[in-house]
Amino acid sequence: TVWVKVCKRREKEGCMAEVATGAVTGAMAEGLLGCFTVCFVGLIVGVLLMVGITDWHRRIIPNKLIVVLLILRLVGGCAVMGGLLDSAWFDALAFSELGLQALACVCVCAVLLLLNEALARFTSTCGIGLGDIKLIFVLGMFMHPEYICWFLLLSSLCGVAHALISLIVTRDGTFPFGPSLILGFCGCVFL
């Protein structure tokens, strides 16, 4: 890391006290950065769990949780810019990606809204809820635009599996799509 290079340079110069101080400070800084990363990821996972459980039980995705995810996205952008999050893992949160992510998410959500409206007009049923569309928008803001299609594909596959299990177990064709979106997001981020 950077601290190792600084320590080696100072060691050559003969400043052993500064080397020891620099090593301790570097270890503390790396520990704090790791702690911030764990807390940041933990917050995102916690909010996603609340979204999934709420949607599973009440079939609604609260707007408050969507806003919390948007705030976490902006905090993540600031943290990447300030060096608190490793840009190798969190480069999708950089503010340079924000405009393209927002454009891609708006386009995807507009198409989903149009398809949902067409489905509602022709079949008198609604395919996907507006909370699900808002969740797609927010989760898309956490990834590179080129991964949004993969995210939707994985979410759809999880949704199909969920629908089949729901039909077999309860004989009801309706199911909350939020947990499938969250599983698709996790699959897209970690694969």
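Two rings of Phe, Tyr or Trp (its six-membered ring) count as a pair if their centres lie within 6.5 Å; planes under 30 degrees apart are stacked, those over 60 are edge-to-face, and the rest are tilted. By this rule the structure has 3 aromatic pairs. The structure is a predicted model, in which local features need pLDDT of at least 70 and side-chain atom pairs count only at pLDDT 80 or more, while totals for chains, interfaces and linings use all residues. Residues are numbered from 1 along each chain as its sequence is written, and side-chain values use heavy atoms, with hydrogens and water left out.

## Aromatic pairs

Two of the pairs are listed here.

| Pair | Centre to centre | Angle between planes | Type |
|---|---|---|---|
| Phe142 and Phe185 | 6.3 Å | 75° | edge-to-face |
| Phe151 and Phe185 | 6.4 Å | 90° | edge-to-face |

Helices (H or I, at least four residues) are DSSP runs, numbered from the N terminus. Phe142 lies in the loop between helix 6 (130–140) and helix 7 (148–170), and is 43 residues apart from Phe185 in helix 8 (residues 178–190). Phe142, Phe151 and Phe185 form one aromatic cluster.

Buried means under 20% relative accessible area, exposed means over 50%, and partly exposed lies in between (1.4 Å probe, protein chains only). Phe151 counts as buried because its relative accessible area is 0%. Phe185 is buried too, with a value of 7%, and Phe142 is also buried.

## The nonpolar core

A nonpolar core is a set of buried Ala, Val, Leu, Ile, Met, Phe, Trp, Tyr and Cys residues joined through side-chain atoms within 4.5 Å. The largest one has 37 residues, and Leu135, Ile136, Phe142 and Phe151 have the most contacts inside it. At least two residues of this core come from each of helix 2, helix 3 (63–82), helix 5 (98–123), helix 6, helix 7 and helix 8. Helix 3 gives the most, with 6 residues. In soluble globular proteins, nonpolar side chains tend to be buried together.

Helix 6 is largely enclosed by the rest of the structure, because 8 of its 11 residues are buried. Among these buried residues are Asp132, Leu135, Ile136 and Gly140. Contact means heavy atoms within 4.5 Å. Leaving aside residues up to four places away in sequence, Ile136 touches Val108, Cys109, Leu112, Ile128, Phe151, Leu152 and Leu181.

Gln101 is in helix 5, and is buried because its relative accessible area is 0%. With the sequence neighbours up to four places away not counted, Gln101 touches residues including Arg73, Ala92, Gly140 and Phe142.

## Helix 2

Thr37 is found in helix 2. At 21% relative accessibility, Thr37 counts as partly exposed. The C-alpha atoms of Thr37 and Leu85 are separated by 6.1 Å, although the two residues are 48 apart along the chain. Thr37 touches Leu84, Leu85 and Phe90, not counting residues up to four places away in sequence.

Val45 is also placed in helix 2 (residues 16–58). Val45 is partly exposed, with a relative accessible area of 42%. Together with Val41, Leu49 and Ile53, Val45 forms a nonpolar patch on the surface, with about 330 Å² of accessible area in total. Such a patch is made of residues with over 30% relative accessible area and no salt bridge, with nonpolar side chains (Val, Leu, Ile, Met, Phe, Trp, Tyr) joined within 5 Å and like charges within 9 Å. A salt bridge is a side-chain nitrogen of Lys or Arg within 4 Å of a carboxyl oxygen of Asp or Glu. Accessible areas come from the Shrake-Rupley method with a 1.4 Å probe, and for residues only the protein chains shown count as cover.
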